[in-house]
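Student: I have a structure open and want to learn how to read it. Where do we start?
Tutor: With one feature at a time. Look here.

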Amino acid sequence: MVEALSVLVLLGTGLVAGVLFAVALSVVPALIAMTPERYVDTHKLLGRRYDRIMPFIVTGSTAIDVGFAFRADGAPGCCSRSGRCAWQASPWCRRPGTCP
């Protein structure tokens, strides 16, 4: 289950990053060069599909990532649920009271 959710998170965040990059690289310069009337028409056409689906992709990817962060064992500087220190070389693991 974790592997399937990880793939969904990677696909979602990759899609969002790709769309943002494409917009910044090609769409924004094109919109800047347009007249105000043409800009309004083009902006309506561009946002028609993205405005419906992107919030779900961003929210879903973020929610799964946050869930993974809270569920993660062995975060740096923390003890895992098994009681072992995450990284023995970490300075956090040498501090008194940070690991059993």
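Student: How do the residues of the lining of the largest pocket divide into nonpolar, polar and charged?
Tutor: Sort the lining residues by type and count each group. This is a predicted model. In its largest pocket, eight lining residues are nonpolar, two are polar and one is charged.

Student: Which residues line the largest pocket?
Tutor: Find them in the sequence as you go. The lining consists of Val19, Val23, Val27, Val28, Leu31, Tyr39, His43, Leu46, Gly47, Tyr50 and Asp51. Asp counts as charged, and Gly counts as polar.

Student: What volume does the largest pocket have?
Tutor: About 220 Å³.

Student: How many helices and strands does the protein chain have?
Tutor: Read from one end of the sequence to the other. There are three helices and zero strands. Along the sequence the pattern is α-α-α.

Student: Is Thr42 buried or exposed?
Tutor: Compare its relative accessible area with the cut-off. Buried means under 20%. Thr42 has a relative accessible area of 15%, so Thr42 is buried. Thr42 lies in helix H2.

Student: What is Thr42 in contact with, leaving aside its neighbours within four places in sequence?
Tutor: Leu31 and Met34. Leu31 is also one of the residues lining the largest pocket.

Student: What lies 2.8 Å from a polar atom of the side chain of Thr42?
Tutor: Look at the backbone here. The backbone oxygen of Arg38 is at that distance.

Student: Which backbone oxygen does the side chain of Ser26 reach?
Tutor: That of Ala22, at 2.8 Å.

Student: What share of the residues in the protein chain is buried?
Tutor: Of the 100 residues, 16% are buried. The accessible surface comes to about 7800 Å². Carbon and sulfur atoms account for 68% of that surface.

Student: What share of the contacts with a separation of 6 or more joins residues 24 or more positions apart?
Tutor: Check how far apart the partners sit in sequence. In this protein chain, such residues account for 39% of those contacts.

Key. Residues are numbered from 1 along each chain as its sequence is written. This is a predicted model: local features need pLDDT of at least 70, side-chain atom pairs count only at pLDDT 80 or more; totals for chains, interfaces and linings use all residues. Side-chain values use heavy atoms; hydrogens and water are left out. Helices (H or I, at least four residues) and strands (E, at least two) are DSSP runs, numbered from the N terminus. Buried means under 20% relative accessible area, exposed over 50%, partly exposed in between (1.4 Å probe, protein chains only). Contact means heavy atoms within 4.5 Å. Accessible areas come from the Shrake-Rupley method with a 1.4 Å probe; for residues, only the protein chains shown count as cover. On a 1 Å grid over the protein atoms alone, a cavity is a set of points where a 1.4 Å probe fits but cannot get out, and a pocket is an open set with protein on both sides within 12 Å along at least five of seven lines; lining residues have an atom within 4 Å of a point. Grid points are joined across faces, edges and corners, and a volume is the space filled by probe spheres set on the points. A polar contact is a pair of N or O atoms within 3.5 Å; within protein, one must be able to donate a hydrogen and the other to accept it, and residues adjacent in sequence count only if both atoms are side-chain atoms.
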